[in-house]
Amino acid sequence: MSVTGIDHIGIAVESLEESISFYRDNLGLKLLGIEEVPSQKVRVAVFSAGESMIELLEPTSEESPIAKAIEKRGEGIHHIAYSVASVSDEIDSMKSKGIRMIDNAPRKGAGGTRIAFIHPAASGKVLTELCEHPKAEKEN
Ligand code: ZN
């Protein structure tokens with residue numbers, strides 16, 4: 001496992017509009033952008049928090065995993081995402097150790113990332129995301 005940091009913490013919210021102001025205006029975090037991620041049926045607001053980010057997740061459908069999480073547990077911390085160099089390599093590594101994955105192949109996350117979730121049954125009930133950013137030479 002080659003984790004290089006905590007990429008972001010994902011927080012489930014009912015409404016981005018109602019939740020953004022606390023992070024932007026009270027905590028003073030910079031809002032990097034708002035984006036829809038169809039693969040997870042969410043709208044995501046991403047804030048910079050120093051070395052890491054905060055990701056607010058609003059469901060766009062009742063089928064969204066975020067809608068189900070809010071229904072079960074209410075709003076709040078949903079997952080922790082670790083930065084890795086290669087999600088594919090980490091999935092292979094996890095599977096070789098018998099760790100159960102939700103995603104057996106990388107899928108698209110916010111900001112052009114490739115992500116995969118580890119099953120919470122394998123990670124002490126903490127929903128854990130592996131997150132790979134696009135290679136630096138393609139960024140400006
Ligand atoms: Zn995330």
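What covers the buried residues of α2? In this predicted model, local features are described at pLDDT of at least 70 and side-chain atom pairs at pLDDT 80 or more, whereas totals for chains, interfaces and linings use all residues. Residues are numbered from 1 along each chain as its sequence is written, and side-chain values use heavy atoms, with hydrogens and water left out.

The cover of the buried residues of α2 includes β1, β3, β4 and β5. Helices (H or I, at least four residues) and strands (E, at least two) are DSSP runs, numbered from the N terminus. These strands belong to an open sheet of 8 strands with mixed pairing, in the order β2-β3-β4-β1-β5-β8-β7-β6; pairing requires that DSSP find at least two bridges between two strands. At the edges lie β2 (30-37) and β6 (107-108), each of which pairs on one side only. The partner of β6 is β7 (residues 114-118), joined in the antiparallel sense over 2 bridges, and R107 stands opposite I115 in β7.

Helix α2 (residues 65-73) packs on this sheet, in contact (heavy atoms within 4.5 Å) with β1 (3-12), β3 (42-49), β4 (52-59) and β5 (76-84). The directions of α2 and β4 make an angle of about 85 degrees, where axes are lines fitted to C-alpha atoms, for helices over the stretch in contact, and angles run from 0 to 180 degrees between N-to-C directions. Helix α3 (residues 87-96) lies across β5, β7 and β8 (128-132) and runs at about 20 degrees to β7.

Within α2, residues I66, A67, A69 and I70 are buried; buried denotes under 20% relative accessible area, exposed over 50%, and partly exposed the range in between (1.4 Å probe, protein chains only). Seen down the helix axis, the buried residues of α2 fall within an arc of 160 degrees and so line one face, the arc being that of the directions from the helix axis to the C-beta atoms. The face turned away from this buried side carries the exposed residues E71 and K72.

The two ends of α2 were also examined. At its start, a side-chain oxygen of S64 reaches to within 3.1 Å of the backbone nitrogen of I66. Just after the helix, G74 takes a positive phi of about 80 degrees.

In the loop between β4 and α2 is E62, an exposed residue with a relative accessible area of 72%. Not counting residues up to four places away in sequence, E62 touches A67 and K68. The C-alpha atoms of E62 and A85, 23 residues apart along the chain, are separated by 33 Å.

Methods
Polar contact = N/O pair within 3.5 Å; in protein donor to acceptor, adjacent residues only side chain to side chain.
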